[in-house]
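Subject: Structure for your files

Hello,

Here is the structure I said I would pass on. My notes on it follow below.

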Amino acid sequence: MDHTELSANVTGGSSVKRGLAEMLRGGVIMDVVNAEQAKIAEDAGAVAVMALERVPADIRREGGVARMSDPFLIEEIQRTVTIPVMAKARIGHFAEAQILQELQVDYIDESEVLTPADEAHHVDKWKFIVPFVCGATNLGEALRRISEGAALIRSKGEAGTGNVVEAVRHLRSIIGDIRKLTQADSAEIYSWAKSLQAPVELVREVAEAGKLPVPLFCAGGLATPADASLVMQLGAEAVFVGSGIFKSSDPAKRARAIVEATTHFKEPSVLLRVSRNLGAPMVGIEMDEIEVRLAERGW
Amino acid sequence: MRIGVLALQGDFISHLAILDKLAIQSVMVKTPGDLDVDGIIIPGGESTSISMLLQSSGIYEPLRALLHEGLPAFGTCAGMILLANSVVDGREDQMSLDAIDIVVRRNGFGRQMASFETSLTVSTIEDGPMRALFIRAPVVEKVSSEVEVLSSVTYSFADSSDKTVPVICRQNKVIVSSFHPELVGEDRLHKLFLELL
């Protein structure tokens, strides 16, 4: 669109959707299941909250089908905080996404943490005015989600484990491949597109820019200020913290510590100060102890 | 000349990129020690979060003092909220840097669904209209007689009233915009700011 011809106020364009992700940079988005937790998150300096029915650690423990939250709970959270409110829809469940758009959530997370509704297709996100964030484990998956209209990418990590190892793997894979891609010549772009199973135009764009066309955040298993610093130093542009905050012994204090650590991620003296006396972190899980790999959901 | 960009949270990278393009020396401001600058840019982001971080990093008091002494400042979106001397619909503990005499309403246009793109005519700026992204933007509800309004937008609000509201304001050496020139590579407001120095 030629901006000199733009006269009306236009909603829902790509720049507007990606714009909110740009605003969240350097911040912490916190999973909350009710208004009380949302308030604690906002008080601690969260840039947004993610409303969901159960945090991933409980979904993992209790099992069963995990779905979009009850709209009533989301509305209560919207009434309680002034920061953006995100909510999760199942992979491919465009009807849940339609409901969340009607609710005017600020971002929809088409999330592997919930039970997928479609084993082959993700939501066609271009059809929505509300922006979407999607998880990815590698560059090809990230670009497929962007081609479907995602305005923000996050690593999947392995949610609900309190173990950062998978998030690190995914982040390193995405950023490492971007680095390699920038070295590819014009002919190699086509074979990259083939192996990434992603549109060649997007692959070329990433090769030229040296970064994704949307921000890249980190999620999945973060539990400490040091975890936040680690992934920010690896190149994440903001962090999502799920079970890590409200499954710990002092959520308010830990939440604030993670916010400060995300801002001052390169400053060991700050990291040391905020890491002290945080109380017990969530109990983590080793990868070979888990039955369901949430990160494998998504196509 | 050295311009500081408050780098606690938000899209400070985009402001730094514009300063780079204009070949202006810049510094990321994360601690009080970084405040040895000739002007400060306060980026877009989440104003409640930046407000908390301004206090925890010890920047709030010295920055506010510098602004009172006349340090030139440019704020976009959250930056406008932080520089305004009065905020409606903020948090009670939200800090104001009290640098420009306007009243702003946080998220005054509505939630993200209402975020929009438009093009603006800006007085004193030439070379055509300015592309503008409004992201959960603040609405300027009142300006004092000391404040010059450089651009306005007409908007249909949720209560179905059409209002024309200021979107770029200037008072002495402070410029604020409720939208994000930095996100679209628009550098003319940055140049206007640099002329104040």
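**The interface of chain A and chain B**

The contact takes 44 residues from chain A and 39 residues from chain B. Please keep in mind that this is a predicted model. Between them, chain A and chain B bury about 3400 Å², and 56% of that area lies on carbon and sulfur atoms.

As for polar interactions, 20 residue pairs are in polar contact between chain A and chain B, counting pairs with both residues at pLDDT 80 or more. On the side of chain A that touches chain B, the elements giving two or more residues are β1 (10-11), α1 (14-23), α2 (35-43) and α12 (251-263) of chain A. Of these, α1(A) supplies the largest share, seven residues. Sorted by class, this side of chain A has 17 nonpolar, 17 polar and 10 charged residues.

The rule finds three salt bridges across the interface of chain A and chain B. One salt bridge joins the side chains of A:D106 and B:R136, with an N to O distance of 3.0 Å.

**Helix packing within chain A**

The crossing of α6(A) and α9(A) is right-handed. From α6(A), the residues A:L143, A:I146 and A:S147 meet A:L202, A:V203 and A:V206 of α9(A). This contact of α6(A) with α9(A) has five nonpolar residues, one polar residue and no charged residues.

Then there is the pair of α8 and α9. The crossing of α8(A) and α9(A) is right-handed. On the α8(A) side the residues are A:I189, A:Y190, A:W192, A:A193 and A:L196, and they meet A:V200, A:V203, A:R204 and A:A207 in α9(A). By class, the contact of α8(A) with α9(A) divides into eight nonpolar residues, no polar residues and one charged residue.

Regards

Methods:
Residues numbered from 1 in each chain as written. Chains lettered and ligands numbered in written order. Predicted model: local features only at pLDDT ≥ 70, side-chain atom pairs only at ≥ 80, totals over all residues. Heavy atoms only, no water. Left-handed = near helix turned anticlockwise from the far one by under 90°. Helix = DSSP H or I, 4+ residues; strand = E, 2+ residues; numbered from the N terminus. Contact = heavy atoms within 4.5 Å. Nonpolar A, V, L, I, M, F, W, Y, C, P; charged D, E, K, R; others polar. Buried area = accessible area lost by both parts, 1.4 Å probe. Salt bridge = Lys/Arg side-chain N within 4 Å of Asp/Glu carboxyl O. Polar contact = N/O pair within 3.5 Å; in protein donor to acceptor, adjacent residues only side chain to side chain.
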